[in-house]
Each structure stands twice: as structure tokens, then as C-alpha cells.
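I want to look up a pocket, some charged pairs and some aromatic rings.

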Amino acid sequence: MPQEALAESIAIMARLRAPNGCPWDRAQTFDTIKRHTLEETYEVFDAIDRRAWPDLKDELGDLLLQVLFYAQMADEEGHFSIQDVAENLNAKLIRRHPHIFADAVAHTPDDVKQTWDAIKKKEKEGRESAPERLLDDVSRHQPAFLEAVKLGKRAASVGFDWPNPQGLIAKLTEETAELEAELQTEPIDTKKAEEELGDLLFTAVNLARHLDLEPEFALRAANAKFRRRFNAIESAAGTPEALRASTPEELDQLWRTAKLTP
């Protein structure tokens, strides 16, 4: 039974953190585990992209381990337990799906999203420590691309947004020109160059948002494409040493050939 397997996982984690448990597991804190959580999340993404189902099974287990770790540490400090986490999630899922568990009606994914957002907004209004400013509850502790998407969405919710993708294309051209101008200075002011590059990336992320694309996934796809093409030119050259010995013109020709292969 799934419940029995999960209960065993919870018990194993408690045993690892017990006074006579594993020295490494006992030494961990919320702050030391954070990095592993981010790594495991990206490994889940990688397994999905590769459609590597056995790997995905393992990576989901590793991601579940992070949840068990946090819950066990929180329980030890008297904050909450893994049962509290599950009960809170169950209540939230039921509350935010009134078209399933109550008498609300939702026929399309957009209908569901509108209901979800409205309920989420109402929940936040009921909190005593609700953020005072519109962007305050957009976490700074997340991948920068994801933060940029959420900042853009939140600003757009009050009409502060580009009217269409074409405006963002023009903004990309503008930001590229500003970065180019910064690179003409001698010596280059790396701080200003970084700022201009950040503006360029922020604009590109907002273009992805307007196109209803995930910039993280778009970049991951570009990374995968680069891997394929670079592996192709390395194979064509024969060895890494031959690749290093190639002239810029030879490398360019190898790259052009690699681009002909999907």
C-alpha cells in the first residue's frame, strides 16, 4: 500500500535524525539542505526532459526526501509535523477546487485558474501579516528566471506591462544597443555591463511570458541543442585535442555542418 511505504519513509527519516542516528543527517539544518532541494528539483526536470522514467522515479524519491527532511527538522523544533503538512495540503486542494468538491462550475483550464487565483487572493487577504506592497510576496529566494516571470505577472496584474510581444522585441533591441554601448568603453565597467545584461535578460523573460512560454524550459532546450551540436563537431574533429588545434574558420565550418542535423 502507498500509505505503508510513505509511513516507512517517514520512520526511516526519524531514525536517521535520532540521537543515535546518522552523523551526517543529524548535522543538517534547514539552510544546509536548501541547496540539495534545488539540485534535486533540476534533476527531476532533467529526467522528464529525457523521458527517462526509471530515473524520474529515483529523482522524485530524492525530492520527496527533501520534504521529509524539512518536516522532520520542523517537528523536532516543535513547528509542525509531516502530518500537518499533508493535512494542510489536503485542505488547500479541496478549498481551491470547488468545482470538484463543492458546487462551483469550471469547464476549461482557464476557468479553473481564475477560480484558483481568486481563492488564493482571498486567503492572502485574511492573513494578519499580508504584504503591504504588490511585489512583497514574490520570493527573492528562487531561480532568477522564475522570479522575473512572477514579477512581470504581478506588475501586469495592475496594467503595468507591454501591450504586445512586438513592444518587447523593440525593447530587446534597445537593451542590446545599451549593452553594446557599454562594451565600447575602455576599460569596460563590469558592474554597468552586468546591469545592462540583466536588463536584457529581464526583457527576454518578459517576452517569454507574453508568448506563454517558460523561459527556463526554453533555455534548457537551447542548452540541449548546443550539447548535441557541440558533440557533433567534437565527433567530426575526432578528438578533443584535434578540436583544440582547429582554426576558428575550421570550427565555424564544423558548427555550420552540425547545424544541418536536427
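The entries below go through pocket, salt bridges and rings in that order.

**Ground rules**

I am working on a predicted model, where local features need pLDDT of at least 70, side-chain atom pairs count only at pLDDT 80 or more, and totals for chains, interfaces and linings use all residues. Residues are numbered from 1 along each chain as its sequence is written, and side-chain values use heavy atoms, with hydrogens and water left out.

**Entry 1: the second largest pocket**

I looked up the second largest pocket and found about 420 Å³ of space in it. My pocket rule, on a 1 Å grid over the protein atoms alone with a 1.4 Å probe, asks for an open set of points with protein on both sides within 12 Å along at least five of seven lines. The volume is the space filled by probe spheres set on the points, which are joined across faces, edges and corners.

Which residues line the second largest pocket? I noted K34, T37, L38, T41, Y70, H141, Q142 and P143; a lining residue has an atom within 4 Å of a point. Helix α3 (residues 30–49) gives the largest share of this lining, with 4 residues. Helices here are DSSP runs (H or I, at least four residues), numbered from the N terminus.

By residue class, the lining splits into 3 nonpolar, 4 polar and 1 charged. For those classes, Ala, Val, Leu, Ile, Met, Phe, Trp, Tyr, Cys and Pro are nonpolar, Asp, Glu, Lys and Arg are charged, and the others, Gly among them, are polar.

**Entry 2: salt bridges**

How many salt bridges does a search of the whole structure find? My search returned 17, each being a side-chain nitrogen of Lys or Arg within 4 Å of a carboxyl oxygen of Asp or Glu.

I checked R50 and D55, whose side chains meet in a salt bridge at 3.1 Å, N to O. R50 is partly exposed at 45% relative accessible area, and D55 is partly exposed too, at 31%. The scale is: buried under 20%, exposed over 50%, partly exposed in between (1.4 Å probe, protein chains only). I also see that D46, R50 and D55 are linked in a network of salt bridges.

Next came D136 and R133, with their closest N and O atoms 3.1 Å apart in a salt bridge. Is R133 buried or exposed? R133 is exposed at 59%, while D136 is partly exposed at 32%.

E174 and K171 also form a salt bridge, again with 3.1 Å between the closest N and O atoms. They sit 3 residues apart in helix α9 (residues 165–183), so about one helical turn separates them. E174 is partly exposed at 37%, as is K171 at 22%.

**Entry 3: aromatic rings**

I counted 6 aromatic pairs. The rule takes rings of Phe, Tyr and Trp (its six-membered ring) with centres within 6.5 Å; planes under 30 degrees apart are stacked, over 60 edge-to-face, and the rest tilted.

F30 and Y70 are stacked because their ring centres lie 6.1 Å apart and their planes meet at 5°. This pair links distant parts of the chain, with F30 in helix α3 and Y70 in helix α4 (residues 53–76), 40 residues apart. F30 is partly exposed at 29%.

F226 and F230 are stacked as well, with centres 5.9 Å apart and planes at 20°. Both lie in helix α11 (residues 215–237), 4 residues apart, about one turn of the helix. F226 is partly exposed at 48%, and F230 at 32%.

Conventions. Helix = DSSP H or I, 4+ residues; strand = E, 2+ residues; numbered from the N terminus.
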